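Student: Could you show me how to read burial, ring pairs and a ligand site in a structure?

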Amino acid sequence: MTRTPERTAAELLTDFGAAPPRAPRPVAAPETKERINRARAPRRGHARPGQGWCPVEAPLTVYQAATHEIGGLFPLLAANGIPAVGARVGYDTLSGGAFYAHPIEWVLRGLATNPNMVVFGEPGRGKSSTVVAFLLRMMLFGVRTLVSGDVKGEYSPLLRSLDINPIALGRGSSARLNALDLGPLATRWDSWSVAQQRDELDGVLGRWVKLLVALAEAQGYSPTVTDEAVLSQVLRRLVGATDGYTRLRPVTIPDVQRELADPDPQLWEEARFADRRQFLDTLRPITDALANLVSGPLAGLFDEPTNFALDWNAPIQSMDLSLLRSRGDQAVAVALTCLGSWSSMITDLQDDGEIRIVVRDEVWRQMRLGPKAVQAVDSDLRLSRAEKKVQVLVGHKPSDFLSVGSAGSQEVAIAKDLLALCSTRILFGQSTRVADELAEDFALADKESDATTGWCMERTGRALWKIENQPGYKVQTVLSPTERRLFDTNAQLRTGR
Ligand SMILES: Nc1ncnc2c1ncn2[C@@H]1O[C@H](COP(=O)(O)OP(=O)(O)O)[C@@H](O)[C@H]1O
Ligand SMILES: [Mg+2]
């Protein structure tokens, strides 16, 4: 038997139909004794048409082969389309390149329509850590953060390491926050024109009514349109808007409750009630709901004048609610609602032109209060006129938002809108059941949906970053050892082991 002579790779390729690759063009040896690794161009290339950054000498050496021969090699992997600006969060596992997040840039470059982000994932998958990595790295660009309600006190070690004292609310702390705080409105008032005064006040009153309605609902009463109209009127009177817009008076929830329980004759006349008795009877439920709030587990916390000032120059501020936990889930949810409303008002009015990140971690707790709480978040997001604000909502799954009403109801429509108000969706590992829900709400492709239940579950910090309708990016968040130490939410489990 004669043995067929061994074929060379070139002959093999020819036998299978493709032209053999051309030999690479020999690179001429440098004639002079120059440093061989000297940059041929500035880092970003020459700023001239047809020029740019090029890692190898152009024109490129061309090889030719059919895809079935080079199936195992794909050297022309492009980096993801996300610009390299902002926080370097980790790496994109598909291209191996760094992944940057800068929601405001994304809006400016047309990748997203709004800068808000929503983060979903099972507990312990690394949601909060990724948010921390994002905000710490945005700090390098002078972007400041407000953590609006830190239920577990997770952000406090981080703040302390930056020499900032978190504002703790709850038992043993002297900090008080008036849920109906005027914030910077009071000090700025005189510098505004009448038109602007009316405008700003309308915004704030609208927010307050939404807040009070949500809080009443948390007490088990669904406010009516009449309740809302009267609340708006009462707030207007109390704040002094009815008497000529001269100076604003501070308002607290007990003030509102008192006015409802003992109305001024002018109030019930203006609200078109036949008499005082009718006013009291109609508004009894909302009056009592507010009374319960003032005397309940949160007594004193949100119904007294605010006694701390936010340092707007601090890179990060946080309201630590961990002292509240012993007062129950309901108390925490009410506190989150008050804080959310307050913080979006003050960040809105803080028009220093700086980008700000507002983090609402564990937002699902607030959503459980009922449809009005979802509406309150929705209006906070909508009322923020300054686009230079990145709202970050952190939750477990979309149904936390959607469980507020029956399918097809107005509440569910609002909750869906809320998701639409967040262009960037960061999806961490989920169980299969939730994945179907995600796939539907965010129009995920099968591959993307599989990534959330499979790939994301394999390691902490893995997430599918879905920016509007672009294909999702599989990103691994990388924490530095310092960040891991400062933000070790499992530390409690480790101590005493
Ligand atoms: N990218 C990451 N690399 C390494 N460890 C991580 C990463 N992300 C999170 N962790 C760790 O996992 C634990 C849970 O993270 P956490 O952000 O609190 O999860 P979640 O907010 O989803 O409940 C923390 O102890 C944290 O240090
Ligand atoms: Mg968390």
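Tutor: Let us begin with burial, for which a residue counts as buried when its relative accessible area is under 20%. The model here is predicted, and in it Trp342 has 4% relative accessibility, so Trp342 counts as buried. Phe308, at 18% relative accessibility, counts as buried as well.

Student: How are the rings of Phe308 and Trp342 arranged as a pair?

Tutor: Two rings pair if their centres lie within 6.5 Å, and planes over 60 degrees apart count as edge-to-face. The ring centres of Phe308 and Trp342 are 6.0 Å apart with their planes at 75°, so this pair is edge-to-face. The pair links distant parts of the chain, since Phe308 is in the loop between helix H11 and strand S6, whereas Trp342 is in helix H12, 34 residues apart.

Student: How many aromatic pairs are there by this rule?

Tutor: The count comes to seven aromatic pairs. One of them joins Phe99 and Tyr473, which is tilted, with 5.8 Å from centre to centre and 45° between the planes. Phe99 belongs to strand S2 and Tyr473 to strand S11, so the pair ties together parts that are 374 residues apart in sequence. Both residues, Phe99 and Tyr473, are buried, and together with Trp465 they form one aromatic cluster.

Student: Where does ligand 1 sit, and which residues are closest?

Tutor: Ligand 1 sits in the largest pocket and is surrounded by 18 residues, the closest being Gly124, Lys127, Ser128, Ser129 and Thr489. A polar side-chain atom of Ser129 lies 2.6 Å from an oxygen atom of ligand 1, while for a polar side-chain atom of Asp488 the distance to an oxygen atom of ligand 1 is 2.9 Å.

Notes: Residues numbered from 1 in each chain as written. Chains lettered and ligands numbered in written order. Predicted model: local features only at pLDDT ≥ 70, side-chain atom pairs only at ≥ 80, totals over all residues. Heavy atoms only, no water. Phe/Tyr/Trp six-rings, centres within 6.5 Å; stacked < 30°, edge-to-face > 60°. Helix = DSSP H or I, 4+ residues; strand = E, 2+ residues; numbered from the N terminus. Buried < 20%, exposed > 50% of the residue type's maximum accessible area, 1.4 Å probe, protein only. Near = heavy atom within 4 Å. Polar contact = N/O pair within 3.5 Å; in protein donor to acceptor, adjacent residues only side chain to side chain. 1 Å grid on protein atoms, 1.4 Å probe; cavity = no way out; pocket = protein on both sides within 12 Å on 5 of 7 lines; lining within 4 Å. Sits in = over half its atoms within 2 Å of the grid points.
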